[in-house]
Amino acid sequence: MSAQIVGGTDAPDGAYPYQVSLQYGGSHICGGSIIGTEWILTAAHCLKGVPTTGIRVVAGTNTLDAGGTAHSVERRVLHERYVHSGGGSPHDIGVVKLTTPITYTPRIQPITLPALPELLGGTATLTGWGATHADGGPSNTLQHAGMTVLPVATCALHFTSGAVDPLSHICTLAPDDDPNPASGCIGDSGGPLAQNGTQIGIVSFGSGRCSRSSPTVYTNVGTYRLWINTRTGI
């Protein structure tokens with residue numbers, strides 16, 4: 001899926017100052033996160049086939065139709081080994097360099113990146129403007145949801161063989177006791193999964209119907225920490 005959050009709730013205003021909207025032709029296409037004054041982290045599939053000159057990054061707002069500051073993109077960098085396959089591709093990571101640096105404010109801040117890939121577990125927070133149901137369009141208001149990080153082996157059982165890679169991916173599912181379980185959906189792609197103030201994942205793919213009973217799959221940011229550093233200096 002090109003990933004809004006199904007089952008999420010409106011995020012508190014300004015609670016996720018690292019979250020940005022990647023837009024093309026004036027419309028939201030993907031999420032992203034601020035990792036430096038000039039750099040945005042997102043998914044490679046969000047950038048594939050999209051002209052650089054047409055992309056803009058909007059930061060500092062919870063709503064797509066108002067507020068925030070817009071920035072044009074100087075260049076984009078996709079992982080060299082990423083091959084677009086419509087879902088299940090490893091190396092689904094990319095960065096964009098902004099034409100002019102972002103000015104940090106209380107509503108616009110970078111997110112911390114992990115130093116190394118880690119054995120992950122516990123809970124994490126998914127944020128995005130993606131669809132709230134499988135046939136919907138982007139949510140105008142930023143959504144958030146608490147998710148349980150799954151063992152990759154368990155996650156892989158929900159997808160075709162080889163779709164989930166133990167090194168490239170991490171997965172989440174709504175907590176078992178959640179009365180309104182959440183899932184990533186269309187428009188969440190490229191956005192951050194955060195744990196204890198650190199971005200551990202980038203929304204990559206999931207069930208084609210945004211199923212709440214099926215995991216959401218993310219690029220494991222820690223695995224690609226060196227790649228990010230060599231492309232951005234961060």
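Tutor: Cys-30 and Cys-46 are joined in a disulfide with sulfur atoms 2.1 Å apart; a disulfide is a pair of cysteine sulfur atoms within 2.5 Å. The model is predicted, with local features needing pLDDT of at least 70 and side-chain atom pairs counting only at pLDDT 80 or more, while totals for chains, interfaces and linings use all residues. Residues are numbered from 1 along each chain as its sequence is written, and side-chain values use heavy atoms, with hydrogens and water left out.

Student: Which handedness does the disulfide of Cys-30 and Cys-46 have?

Tutor: The torsion about the S-S bond of Cys-30 and Cys-46 is about -85°. The disulfide is therefore left-handed.

Student: Is Cys-46 buried or exposed?

Tutor: Buried means under 20% relative accessible area, exposed over 50%, and partly exposed in between (1.4 Å probe, protein chains only). The relative accessible area of Cys-46 is 4%, so Cys-46 is buried.

Student: Which elements hold Cys-155 and Cys-171, and how many residues apart are they?

Tutor: Cys-155 and Cys-171 form a disulfide, with 2.1 Å between their sulfur atoms. The pair links distant parts of the chain; helices (H or I, at least four residues) and strands (E, at least two) are DSSP runs, numbered from the N terminus. Cys-155 is in helix α2 (residues 152-156) and Cys-171 in strand β10 (residues 169-173), 16 residues apart.

Student: How many residues lining the largest cavity are nonpolar, polar and charged?

Tutor: A cavity, on a 1 Å grid over the protein atoms alone, is a set of points where a 1.4 Å probe fits but cannot get out, and lining residues have an atom within 4 Å of a point. Arg-107 is one of the residues lining the largest cavity. Ala, Val, Leu, Ile, Met, Phe, Trp, Tyr, Cys and Pro count as nonpolar, Asp, Glu, Lys and Arg as charged, and the others, Gly among them, as polar. The lining divides into 4 nonpolar, 5 polar and 1 charged.

Note on methods: 1 Å grid on protein atoms, 1.4 Å probe; cavity = no way out; pocket = protein on both sides within 12 Å on 5 of 7 lines; lining within 4 Å.
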